[in-house]
Amino acid sequence: FPEQDKNTGISIIICPGGGYGGLVMKREGHDMAKMLAESGITAFVLKYRLPSDRTMVDKSIGPLQDAQMAIMTLRQRATEWKINPERIGIMGFSAGGHLASTAGTHFQRRTIGAENQISLRPDFMVLVYPVISFSNAIGHTGTRDNLLGKEPDAEKIRQYSNELQVTTQTPPAFITHAGDDELVNVKNSISFYEALQENNIPSSLHIYSKGGHGFLKIPPRDHWINEMMYWIKSNGWLSDRKN
């Protein structure tokens, strides 16, 4: 939680990366949450379940179920946590970016039951060197294999290639990536941004020439976080707090 006098009312659910085979909880989770809190954002780190044929009937929806449950929980407890239920974002790194973009493009598909009418749509997305596509051309096959299995059918690949799932109802996105990322092709971010543009979704894309995968040394975190905060402010989301 941010200090009371800094609280913007905005909250973000953080989805660490790890290729759907692990979770980078410290660097892409807890450390990130502390930085967001310093910027006045209430941050929640989502320790989502990893896809497993052993424990799940349909492992492809396991992580999405947890993301949707997190969004619903924040809206249910918004007053208690002093957050605006209409300013709930979801942030994802790498494969966590795939989960975040899935939450932003599959929210009408309720994977956690329909016992209430609470919206599962995040109000905005923050995608950091994200996996977006599962296509053979630009997708990350390791992430795809972990979520869908070694030999997914073409329809499943299309369903979870989120650049193909953007509609006019998709929430706005702030996207950042490095052009020299050798693990997740920067075209993942470019293709998603282009789909958002085609649907008139106000979004921002920042591509750094260097940074690799993980932004381990450059660009500095405070740099792209400042860019993100400017984007949030420019969208007018700091002007009508409900807390």
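Helix α8 has 14 residues and spans 20 Å from its first C-alpha to its last, close to the 20 Å expected at 1.5 Å a residue. This description, like all that follows, refers to a predicted model. The buried residues of α8 are R221, W224, I225, M228, M229, W231 and I232. They lie on the same side of α8, because they cover an arc of only 155° around the axis. On the other side of the helix, N226, Y230 and K233 are exposed. The buried residues of α8 pack against α1 (26-38), β3, β4, β5 and β6. After the helix comes G236, whose phi is positive, near 80°.

W231 lies in α8, which comprises residues 221-234. It counts as buried because its relative accessible area is 6%, under the 20% cut-off. Leaving aside residues up to four places away in sequence, W231 touches F124, M125, P172, A173, F174, P202, S203, S204 and W237. Of these contacts, S204 is 27 residues from W231 along the chain, yet the C-alpha atoms of W231 and S204 are separated by 7.4 Å.

Two of the residues touched by W231, F124 and M125, belong to strand β4 (residues 124-128), which is mostly covered: five of its five residues are buried. Both faces of β4 are covered, with F124, V126 and V128 buried on one side and M125 and L127 buried on the other. Along its length, β4 is joined to strand β3 (residues 88-93) by five bridges, and the two run parallel. Within this pairing, L127 of β4 is the bridge partner of G92. β4 also pairs with strand β5 (residues 173-178) in the parallel sense, over four bridges; here F174 in β5 is the bridge partner of V126.

These pairings belong to a wider arrangement. Six strands form an open sheet in the order β2-β1-β3-β4-β5-β6, with parallel pairing. The edge strands are β2 (42-45) and β6 (204-208), each of which pairs on one side only. From one strand to the next, the twist averages 15°. Strand β1 (residues 11-15) is joined to β3 by five bridges, and these strands run parallel. Across that pairing, I90 in β3 is the bridge partner of I13. Helix α7 (residues 187-198) lies across β4, β5 and β6, running at about 155° to β5.

In soluble globular proteins, nonpolar side chains tend to be buried together. The largest nonpolar core in this model has 37 residues, and those with the most contacts inside it are I13, L46, I90 and F192. Helix α2 (residues 62-76) gives the most to this core, with five residues. Not counting residues up to four places away in sequence, I13 touches F44, L46, A70, I71, L74, I88, G89, I90 and M91. A second, separate core of 25 residues includes I14, Y208, M228 and M229. The last two of these return the reader to α8, where M228 and M229 are among the buried residues.

How values were computed. Residues numbered from 1 in each chain as written. Predicted model: local features only at pLDDT ≥ 70, side-chain atom pairs only at ≥ 80, totals over all residues. Heavy atoms only, no water. Core = buried A, V, L, I, M, F, W, Y, C linked by side-chain atoms within 4.5 Å. Buried < 20%, exposed > 50% of the residue type's maximum accessible area, 1.4 Å probe, protein only. Contact = heavy atoms within 4.5 Å. Pairing = 2+ DSSP bridges. Axes fitted to C-alpha atoms, helices over the stretch in contact; angles between N-to-C directions. Expected span 1.5 Å × (residues − 1). Arc of directions from axis to C-beta.
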